[in-house]
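Biologist: Hi, I have a model open and would like to walk through it with you. Could you take my questions as they come?

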Amino acid sequence: MMKYYVFLRGVTPTGKNRIPKMVILKSIMEDAGFKKVMTYIQSGNIIFDSDLPKPEVAKEVHMRILENIGADLKVIVKSRKELAVALNENPFDDTYDYSRVHLVFFNERLSELNFDLLNNVSLLGEKLEIGSECIYMYLPKDAAKKRLNNNFLERKLKIDATTRKFNVITKLIRLERE
């Protein structure tokens, strides 16, 4: 069994991509055969064990949510090791406000992405760094107009991605250990 962290992209508080309650999502995942299912906050973070490979996990989670709730969400799947590497490689030291550090995850391998598409982008004080498991963004509070966001990166890199704060990923790793 492999421990997976599943991040749902596009969860909304109302409308067609709404997840009614995390307890319902947990039940759907258990009914799909996933083991030791846990959820964290309403934005769509799921932890569970499965024998399936990551692409099949993503497909199964997407299908089960669509069939049972009607939400058509993008599903990003990561292993515990990938998240641990992402946390350890964080390029922003403690002189940065960690509540402003964001990690962008996607199912593609970083080596397959054309980061040249991000050249010549004015970041207005925001910072973007490429790691081996994710893209890191630092978004200071005083940024007048946030250039960096999930939609921008998806459009530029032509990928499905989801963003989580550094603190959320740290909490998910701790939660799984409890």
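Biologist: Let's start with the open sheet: what is the strand order?
Modeller: The order is S2-S3-S1-S4, an open sheet of 4 strands with antiparallel pairing. Strands here are DSSP E runs of at least two residues, helices are H or I runs of at least four, and both are numbered from the N terminus. Two strands pair if DSSP finds at least two bridges between them. Keep in mind that this is a predicted model: local features need pLDDT of at least 70, side-chain atom pairs count only at pLDDT 80 or more, and totals for chains, interfaces and linings use all residues. Residues are numbered from 1 along each chain as its sequence is written, and side-chain values use heavy atoms, with hydrogens and water left out.

Biologist: Which are the edge strands?
Modeller: S2 (35-40) and S4, as each pairs on one side only. From one strand to the next, the twist averages 25 degrees. Angles run from 0 to 180 degrees between N-to-C directions, with axes fitted to C-alpha atoms, for helices over the stretch in contact.

Biologist: How many bridges do S1 and S3 have?
Modeller: S1 and S3 (residues 45-50) pair in the antiparallel sense over 6 bridges. Val6 has Ile46 of S3 as its bridge partner.

Biologist: And S2 with S3?
Modeller: That antiparallel pair has 4 bridges, and Tyr40 stands opposite Asn45 in S3. S2 and S3 form a hairpin with 4 residues between them, and Ile41 in the turn has a positive phi of about 45 degrees.

Biologist: Which strands does H1 lie across?
Modeller: H1 (residues 22-31) lies across S1, S2 and S3, and runs at about 155 degrees to S2. H3 (residues 80-88) also packs on the sheet, touching S1 and S4, and its direction makes about 85 degrees with that of S4. Contact means heavy atoms within 4.5 Å.

Biologist: Switching to H4, which residues are buried there?
Modeller: In H4 (residues 150-157) they are Asn150, Phe152, Leu153, Glu154 and Leu157. Buried is under 20% relative accessible area, exposed is over 50%, and partly exposed is in between (1.4 Å probe, protein chains only). An α-helix has 3.6 residues a turn, so residues three or four places apart point the same way.

Biologist: What do those buried residues pack against?
Modeller: Several strands: S1 (2-9), S4 (74-79), S5 (101-106), S6 (127-130), S7 (135-138) and S8 (161-165).

Biologist: How about the ends of H4?
Modeller: Asn149 caps the N-terminal end, with a side-chain oxygen 3.0 Å from the backbone nitrogen of Asn151. After H4 comes Lys158, whose phi is positive, near 55 degrees.

Biologist: I also clicked on Leu139. Is that residue buried or exposed?
Modeller: Leu139 is buried, with a relative accessible area of 6%, and is found in the loop between S7 and H4. Beyond neighbours within four places in sequence, Leu139 is in contact with Arg100, His102, Glu126, Lys146 and Leu148.

Biologist: Last one, the whole protein: how many helices and strands?
Modeller: There are 5 helices and 8 strands. Of the 178 residues, 45% count as buried. Residues 24 or more positions apart account for 69% of the contacts with a separation of 6 or more. The C-alpha atoms fill a box of roughly 45 × 35 × 30 Å along the principal axes.

Key:
A polar contact is a pair of N or O atoms within 3.5 Å; within protein, one must be able to donate a hydrogen and the other to accept it, and residues adjacent in sequence count only if both atoms are side-chain atoms.
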